[in-house]
Amino acid sequence: MSDMRVSLSGWELENPVIPASGTFGFGYEFADFYDIDILGSIALKGTTREPRYGNPLPRIAECREGIINAIGLQNPGVDKVIAEELPKLYKVFHKKSIANISGFSIEDYVYTASRFDEIPEIGILEINISCPNVHGGGMAFGQDPEAAASVCRAVKAACRKPVYMKLSPNVTDIVSIAKACEEAGADGLVLINTLLGMRIDPKTGRRIVSTGAAGFSGPAIKPVAVRMVYQVYDAVKVPIIGVGGLETADDVIEMMYAGASAVEIGAANLVDPYACKNIIEELPEKMKEYGIDRLSDIIGKAH
């Protein structure tokens with residue numbers, strides 16, 4: 001019998017497969033397709049302190065290698081998410097989920113994280129630090145080690161649940177930022193967030209997405225994600241959730257060998273709503289094929 005259980009900061013998951021934030025809504029939408037209780041957990045749609053409409057249209061551009069999106073953190077705000085979205089989810093999902101939290105100031109992060117910290121069904125606070133620091137010249141919090149650490153310290157001081165910092169790959173040295181977060185008290189790390197990409201319409205010469213540059217995700221970014229997880233695993237002691245371009249059970253196993261304790265499946269959900277289900281069902285077959293009895297045994301074994 002294949003043992004797919006993994007652990008994140010003392011929280012045991014039946015398997016390592018987690019739909020990534022922003023690709024699975026608030027989860028309950030997918031219950032029309034299959035029993036979502038088979039998932040290890042769910043990373044909720046990114047949530048901010050106040051409601052956000054998001055960026056102007058158009059927001060999506062397809063490309064051969066993946067997808068470019070500039071959704072702009074569209075969400076109804078944390079109070080409405082807690083009052084309306086979470087009750088819908090917990091009617092059809094009976095495990096703890098992961099709250100994905102965004103903000104434009106440290107105060108934003110602390111408020112939103114504190115609200116989710118009160119919810120028993122939330123297992124981890126996933127802090128997205130790819131947002132621009134409105135008080136720091138617009139640079140994303142995740143592009144500077146001290147800025148990343150400052151968010152982490154503030155959230156840790158206000159919350160009791162495990163805090164996982166979701167790191168941006170759009171940096172020169174991902175390891176220095178990961179180490180700064182660990183030193184600031186992070187219980188875990190999530191990497192990577194989207195790369196920056198752009199599409200231009202060859203017919204018109206105009207950019208396709210309203211913002212120009214936008215988040216690039218999909219299978220093309222997997223080698224970058226695997227490399228960054230591998231590098232960070234060598235530098236920190238906290239668990240890592242690996243994400244970026246994963247589509248198959250083989251991808252999951254590869255990411256875990258690099259050092260991930262669990263994985264998030266992102267853009268694949270937008271192509272196939274059954275993506276996570278298919279991976280979970282395929283994992284035992286691949287484990288048997290490769291002689292893996294327990295998935296937890298392979299974490300970081302590529303080192």
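1. In this predicted model, β4 and β5 run antiparallel and are joined by 4 bridges, where strands (E, at least two residues) and helices (H or I, at least four) are DSSP runs numbered from the N terminus, and two strands pair if DSSP finds at least two bridges between them. Within this pairing, E62 stands opposite I67 in β5. Residues are numbered from 1 along each chain as its sequence is written, local features need pLDDT of at least 70, side-chain atom pairs count only at pLDDT 80 or more, and totals for chains, interfaces and linings use all residues. Side-chain values use heavy atoms, with hydrogens and water left out.

2. The β4 and β5 strands belong to an open sheet of 4 strands, ordered β4-β5-β11-β10 with antiparallel pairing. Because β4 and β10 stand at the edges with a single partner strand each, one side of each is left without a neighbour in the sheet. From one strand to the next the twist averages 35 degrees, angles being taken from 0 to 180 degrees between N-to-C directions, with axes as lines fitted to C-alpha atoms, for helices over the stretch in contact.

3. A further open sheet has 7 strands in the order β3-β13-β12-β9-β8-β7-β6, and its pairing is parallel. Its edge strands are β3 and β6 (97-101), each of which pairs on one side only, and the twist averages 25 degrees from one strand to the next. Between β6 and β7 (residues 122-128) the parallel pairing extends over 5 bridges, and N100 stands opposite E126 in β7.

4. Helix α2 (residues 106-117) touches β6 and β7, and its direction makes about 165 degrees with that of β7, while helix α8 (residues 275-290) touches β3 and β13 (262-265), with its direction at about 175 degrees to that of β3; contact here means heavy atoms within 4.5 Å.

5. I42 lies in the loop between β3 (17-19) and β4 (60-63), and I42 is buried, with a relative accessible area of 0% (buried is under 20%, exposed over 50% and partly exposed in between, with a 1.4 Å probe and protein chains only). Leaving aside neighbours within four places in sequence, the contacts of I42 are I18, P19, F24, G27, I36, L89, F93, S97 and I98. Of these, F93 is 51 residues away along the chain, and its C-alpha atom is separated from that of I42 by 9.1 Å.

6. The largest pocket holds about 1200 Å³ of space. A pocket is, on a 1 Å grid over the protein atoms alone, an open set of points where a 1.4 Å probe fits, with protein on both sides within 12 Å along at least five of seven lines, and its lining residues have an atom within 4 Å of a point. There are 47 lining residues, of which N69, L73, N193, T194 and G215 lie nearest the centre of the largest pocket. β5 (66-69), β10 (195-197) and β11 (214-217) give two or more residues each to this lining, and β11 gives the most, with 3.

7. The second largest pocket contains about 190 Å³ of space, a volume being the space filled by probe spheres set on grid points that are joined across faces, edges and corners. It is lined by 16 residues, with G66, I67, G218, A267 and V271 nearest its centre. At least two lining residues each come from β4, β5 and α7 (268-271), and α7 gives the most, with 3.
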